[in-house]
Amino acid sequence: MAQTLPPTAQSIEKVVSFLTQGNIVAVPTETVYGLAGNAFDPKAIATIYSAKGRPDNNPLIVHVRSWEQLEEIAQITPKAKLLSEQFWPGPLSLILKKKDCIPDSVTAGMPTVAVRMPSHPVFRQLANNCPFPLAAPSANPFGYISPTSAQHVEQCLGNKIDLILDGGSSEAGIESTILSLADESKPSLLRLGVITREQLEDCLGESVEFSQRIESTANSLESPGLLSQHYSPTTPLTLFSGKAPNNTKANEAVVLLAQPSLVDNNTFHLSEKGKLEDIARNLYGMLHDLDQREFNKIHMECPQGDGIASAITDRMSRAATQG
Ligand code: TXA
Ligand code: MG
């Protein structure tokens, strides 16, 4: 079991000293919980990969507290400036050319680094007290659902880590939008999130290509974490849109987007009124929760449309892809 620390000044001090010694700590962000280590310390980075069971060809996101810190580790381009001024602190990661101080293991040998400035108040307090930027992938074992609470981290990674900093439930609930500016002339969306393609296009005043690459091996991917099977619960999951299946068995769960008028023991809902932000916030918690129960199968309703709906559908589809 890991020790879960409340978000107090004393805890922050303890976490900073633990991180400074090269250890890793699960920390809250507004998207999902991250498994953080000193981004300048190859030993801490190696510990992150091994605790997650993550292949070392899958690079990490580096979290910064300020634009000064960003400048230390990456080349800030005009478009990066525009986007970060509009969306940071917040759930947008940018892929930029890296500087030499970032060890190759953080970026899996790539010349670029993923960077983001989280808005979560507890994370910000931590980052403001850390003398280094924090490399942090989502705090889940490789391939499993990302955690949106300290309890989720304990459930899925508690036997692999020592400390969890509790910052409550993550507000956004799904991982950050990732936009690559590796080629400044061709911004390319690598992962959908609550900051939508439309918002990015409005900010940049140009269209943004979505290069979703679904492949079965990590070797040739531009963003190797974006495999088709990812974020999956152990219980088999199938998706539907429109009418719920009416022939489900007693040991199968049905999850709807909005609260149904008739509630029974096997029917769950992701939001009260079908608001997309609420659905995104509650999705992983629902999957974690149902995975702890004895259901043989989960049937989940998926939303239709662009924007946040497409980010939610993306995560649901990955969760529903088995093996
Ligand atoms: O919301 C988030 O982004 C959370 C919180 C903790 O910040 N982090 C997160 O990290 O989701 P992770 O490691 O689970 O996902 C990061 C994704 C991976 O798919 C990885 O392949 C991609 O970002 N990535 C990282 N560095 C990259 C790079 N230089 N080029 C392309 N893709 C990169
Ligand atoms: Mg992840």
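Residues are numbered from 1 along each chain as its sequence is written, and chains are lettered from A, with ligands numbered from 1, in the order in which they are written. Because the model is predicted, local features require pLDDT of at least 70 and side-chain atom pairs count only at pLDDT 80 or more, while totals for chains, interfaces and linings use all residues; side-chain values use heavy atoms, without hydrogens and water.

Helices (H or I, at least four residues) and strands (E, at least two) are DSSP runs, numbered from the N terminus. The axes of helix α4 (residues 78-87) and helix α7 (residues 197-204) come within 10 Å and cross at roughly 120°. Axes are lines fitted to C-alpha atoms, for helices over the stretch in contact, and angles run from 0 to 180 degrees between N-to-C directions. Helix α4 is therefore oblique to α7, given that angles under 35 degrees count as roughly parallel, over 145 as roughly antiparallel, 65 to 115 as roughly perpendicular and the rest as oblique. In the contact (heavy atoms within 4.5 Å), K79, L82, L83, Q86 and F87 of α4 meet Q199, L200, C203 and L204 of α7. These residues comprise six nonpolar, two polar and one charged; Ala, Val, Leu, Ile, Met, Phe, Trp, Tyr, Cys and Pro count as nonpolar, Asp, Glu, Lys and Arg as charged, and the others, Gly among them, as polar.

Four strands form an open sheet in the order β12-β15-β13-β14, with parallel pairing; two strands pair if DSSP finds at least two bridges between them. Strands β12 (237-240) and β14 (267-269) stand at the edges with a single partner strand each, so one side of each lacks a neighbour in the sheet. From one strand to the next, the twist averages 25°. Strands β13 (residues 252-256) and β15 (residues 297-301) are paired in the parallel sense over four bridges, and V255 stands opposite M300 in β15.

Two helices lie across strands of this sheet. Helix α8 (residues 276-291) lies across β12, β13, β14 and β15 and runs at about 165° to β15. Helix α9 (residues 308-320) lies across β12 and β15, at about 140° to β12.

The loop between β10 (188-191) and α7 contains L192. This residue, L192, is buried, with a relative accessible area of 12% (buried, under 20%; exposed, over 50%; partly exposed, in between; 1.4 Å probe, protein chains only). Excluding residues up to four places away in sequence, L192 touches E175, S176, T177, F210, S310, A311, D314 and R315. The C-alpha atoms of L192 and M300, 108 residues apart along the chain, are separated by 20 Å.
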